[in-house]
Amino acid sequence: MQNKGAIQLIAVLFTLVSIYQLSFTWVSSSVKSDAVEYAAGNRMKEVQYLDSISGQTVYNFLWLQKFNFKEVQEKELNLGLDLRGGMNVMLEVSIADLIRALSDYNDDPAFLQAINLAKERKKDSQEDFLTLFGEAFEETTPDGKLASFFQTLDLKDRINYNSTNDDVLKVLKEESESAIANSFNVIRNRIDRFGVTQPNIQRLENSGRILVELPGIKDPERVRKLLQGTANLQFWETYDNQEVISYLQQANDGLKNILDFKTEAQDSTLVLDSASQTQSLLENIDEAKDSLNQVKPETRDEFNQQNPLFAILYPNVTQQGQAIEGAAVGTSHWKDTAIVMEYLNKSQIRQLFPRNLRFMWEYKAVDAEGAGIYHRLVAIKASGREGKPALDGDVVTNARADFGNNQAFAEVSMTMNSLGAKTWARITKDNIGKQVAIVLDGFVYSYPVVQNEIKGGSSSITGNFTIAEANDLANVLKSGKLPAPARIIEEEIVGPSLGQEAIDKGLSSFAFAFIIVLIYMLFYYNKSGIAANLALLVNLLFIIGILASLGAVLTLPGIAGIVLTIGMSVDANVLIFERIREELYGGKGLKLAVKDGYSNAYSAIIDANVTTLMTGIILYVFGTGPIKGFATTLVIGILSSLFTAIFITRIIFEAWLAKKQEISFSTKFTEGAFKNLNIDFLSKRKLFYIISSTIILLGVVSLIFKGLNLGVDFKGGRTYVVRFENEVVVNDVAKALAVTLDGAPEVKVYGENNQVKITTDYLIDEDGEDVDQRVESALFLGLKPILGENVTEDVFLSDYRMSSQKVGPTIADDIKVQAIEAIIIALIFMFFYILIRFKNWQYGLGAVAALAHDVLIVMGLFSILYGFMPFSLEIDQAFIAAILTVVGYSVNDTVIVFDRIREYITLHPKRERYGLYNEALNSTLSRTFNTSITTLVVLLVIFIFGGEVIRGFVFAMLVGITVGTYSSLFIATPLVFDTVKDPKVEDKTKGTKTQTPVKA
């Protein structure tokens, strides 16, 4: 073997680097085990222990370099969220909001109509938002000029009245690119300050989207607020309630005349049915004395009809109807807040108010002890003709969490620059004895009474914050303001217990399957099986070591990818060993047989692995999250498998040969296996065409009339995996949720009978910051009768909700398009690769036809079987990954046969092709059987023991690899035979003969 020394050096270096990288994982695991032992089941003590040693040295590598625990964690093997729990979020920068901001919030009807039309079209389009906005504007205002909306102070040097619409869109495109880049930097800064270990933050190019993966997150709502807040800080003067109450009365009276009023309050009778409930509500709203307390139940409906505003906005008045001093003017149930703002913003109502009067909700909600969650409405006074705040937050130079005079709650202290300090002094001087509202992202965080003029630019935000909330708020302010809102369009949460179960089941099933492969190789190939097994172990070390060194993420599908690459590694060894056996049967000596066996197997090994490598690259390009992790593992595994199968086993064999040791390639049970086979595959090809066509036809009919069980990846929506203490009936769960989720969701058993998967599209089209929290609250309220009275919402979200996923309609459409593109591109790449390698289009056609055959059968079976199988057959991104993996594996099988056909035609150019094709199929049958049986056994073990999360994915691969093996034998090669067929050539099914050579 040439360059043997260099190869040995590379192998040793790779081994040492892999061991070094994995040593951090071992040290980290050891420290965490110590923390668990110390905490004795107390999770808080465990976290405190790990935090306390984060800066301490825990690893002294060969006494050369020291690493503290934080550094060790950063270098350990990065497990995906499905293996250790956490949160995966896809953010999209709102270009619609950016356009409005760049226009200084122009309220021209034609301008707003174009934005709204573009929003609707974006749901079903792959075009970027600016293109859709330009088209919508041209359509709604054919002769309109976009420049008229963007001649603002910020854009005056780039847009003038003579600028064309294309010129304006070009400037907006540049601004949007800058906004996305800035948003990425701001979000990265926020995450860095948040203190998560091994976060993954990626900007997805050409999409305006940002992927954030945060392992180990325990409080998803806190993360949502951190990521979605724009940090738009403002200081506003306020109106007093006594000044505003008369305007609200006029608005209440005016609404009677313009509404065909229907009671839209959130079950007002429930809130006010009893004096005790009403009193509880009033006591929790800082002693506000609601005059509705005097309303009798029998007159309540009449009152609501006569007072449409006050039915859902409880005015801040005494029982005698006198307005209470302060900027808070009323209180509403959280579900009614949107309706209140809709009422107050009606054009007929707005004209009743002073021009500079604005209304904003207080950020902190009030829990009225069983009566619901309520928010106060604050009256804001705008400054100047443009209605802007008295001071913008851009003047803030620093912010920190602190404890003020009230040591019970944290606050955020801020300092301003000189210009801000001067303006702040004037504002406070002019408002002594009045309240000034501190507003962040459109919500009032605090509105303290100004006691005296504040000089020096110091101020604070109070609001009964916990220390975590105060730290997050200070983090957001210090990181900077987002140039445009970033909305969560896709989200996945995996609870830590489900992650641990995935580790336990995934790794145990993988270990069991791996041992089976090792035993099988020993059984079938005897001593040469030892060399193959050593190569497999080295291959596994290399794969995990490279993953750790690259900082790549190991996911549950990634473990399946490792399994598949082990199958590919076995395949390469089988190809080599079968070639060596053939050389030995031909009478060659052991040393020469080994040399020629390797040489003759290279072509087939490279062709087979390149096609699978192409599949991995396509998956990496088009996939996200776990699918990208699967693709990464697959690509690394293929390259590592090639190295270990070709070079490591060769080094072992040459070492044995140098010592004159005997090497056996079979046992007494396998010595004659698949020897002297003469199966006439081609004679039955028409029968197999009929069988395949029938199965495909049944599948297509099912796809047309029954369809597929599309997951939220492809249709949008939310899914929640909920585990109960006892077994539940899915119909009971669906009925309980129908009330709170505005319709019965889809509920299925997920694994054991005490665990269900709930799918709903409730509020999926809304994009407010509190929407996810509202859906979780509605889910909890619906399930509370089943969970029991002792389970609170926080306990439910942490202990009973095992995982959740959210996919917005826009991202769902993108995923569908990407999935179709990925499959089509994979098929095209396979066709051209085989065309180039075999210099004959019929080979490419046969391979692609077989691949299309495999894909159609798998999809057809998923359509036919869903609803009948005891596990999920949901079509999601993992299914697409399985399909593409099957494509790679199937073409691998097919190429092996094609390679043998090409070899036989070169060796025997004058032999009739019918017998030659059959001989090629028979000669590769041993390899086909061994590779398929080892891969299928491994997948079957993972299917049975790997857990519910991965079961549908593995089932698709099981079906696909079975069908792929069948198609490589009975579809691909017969199709090549039929398409290049010359009528002069012998066809035993028709009995004609000729000896005319045919090129193929």
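Strand 21 (residues 717-723) and strand 24 (residues 801-807) run antiparallel to one another and are joined by six bridges. Within this pairing, Val-721 has Ser-803 of strand 24 as its bridge partner. The model is a predicted one, and the two strands belong to an open sheet of eight strands with antiparallel pairing, arranged in the order 5-6-4-19-24-21-23-22. Strand 5 (200-204) and strand 22 (746-750) sit at the edges, each pairing on one side only. Going from one strand to the next, the twist averages 20°.

Helix 9 (residues 220-228) lies across strand 4 (86-93), strand 6 (209-215), strand 19 (486-494) and strand 24, and it runs at about 155° to strand 19. Helix 26 (residues 771-787) lies across strand 19, strand 21, strand 23 (752-760) and strand 24, this time running at about 45° to strand 21. Strand 19 and strand 24 turn up in the list for helix 9 and again in the list for helix 26.

As for the protein overall, there are 33 helices and 24 strands. Of its 1000 residues, 54% count as buried. If one looks at contacts between residues at least 6 apart in sequence, 74% of them join residues at least 24 apart.

Another antiparallel pair is made by strand 10 (residues 357-361) and strand 12 (residues 373-381), with five bridges between them. Here Arg-358 is partnered by Ile-380 in strand 12. Strand 10 is mostly covered, with four of its five residues buried. Helix 14 (residues 337-344) is itself mostly covered, six of its eight residues being buried. Those buried residues are Thr-337, Ile-339, Val-340, Met-341, Tyr-343 and Leu-344.

Helix 23 (residues 685-705) and helix 33 (residues 948-979) have axes that come within 10 Å and cross at roughly 120°. That angle is why helix 23 counts as oblique to helix 33. The crossing of helix 23 past helix 33 is left-handed. On the helix 23 side, the contact uses Arg-685, Phe-688, Tyr-689, Ile-691 and Ser-692, and these meet Tyr-966, Phe-970, Ile-971, Pro-974, Leu-975, Phe-977 and Asp-978 of helix 33. Sorted by class, the contact has nine nonpolar residues, one polar and two charged.

The other pair is helix 30 (residues 877-907) and helix 31 (residues 913-923), which pack at an angle of about 130° with their axes 9 Å apart. Helix 30 is therefore oblique to helix 31. The crossing is right-handed in this case. Val-897, Arg-900, Ile-901, Tyr-904 and Ile-905 of helix 30 meet Leu-916, Tyr-917, Glu-919, Ala-920, Leu-921 and Ser-923 of helix 31. The residues of this contact split into eight nonpolar, one polar and two charged. The spacing of the contact residues brings to mind a general point: an α-helix has 3.6 residues a turn, so residues three or four places apart point the same way.

Leaving aside residues up to four places away in sequence, Ala-535 touches Thr-644, Ile-648 and Thr-649. Ala-535 and Ile-648 are 113 residues apart in sequence, yet their C-alpha atoms are 5.9 Å apart in space.

Backbone angles bring up two loop residues. Most residues other than glycine have a negative phi. Asn-526 is not a glycine, but its phi is positive, at about 60°. This residue is found in the loop between helix 18 (496-525) and helix 19, and its relative accessibility of 32% makes it partly exposed. Lys-660 likewise has a positive phi, near 60°, without being a glycine. Its place is in the loop between helix 22 (626-658) and helix 23. Lys-660 is exposed, with a relative accessible area of 75%.

Key
Residues are numbered from 1 along each chain as its sequence is written. This is a predicted model: local features need pLDDT of at least 70, side-chain atom pairs count only at pLDDT 80 or more; totals for chains, interfaces and linings use all residues. Side-chain values use heavy atoms; hydrogens and water are left out. Buried means under 20% relative accessible area, exposed over 50%, partly exposed in between (1.4 Å probe, protein chains only). Two strands pair if DSSP finds at least two bridges between them. Axes are lines fitted to C-alpha atoms, for helices over the stretch in contact, and angles run from 0 to 180 degrees between N-to-C directions. Angles under 35 degrees count as roughly parallel, over 145 as roughly antiparallel, 65 to 115 as roughly perpendicular and the rest as oblique. A crossing is left-handed if the near helix is turned anticlockwise from the far one by less than a right angle, and right-handed if clockwise. Contact means heavy atoms within 4.5 Å. Ala, Val, Leu, Ile, Met, Phe, Trp, Tyr, Cys and Pro count as nonpolar, Asp, Glu, Lys and Arg as charged, and the others, Gly among them, as polar.
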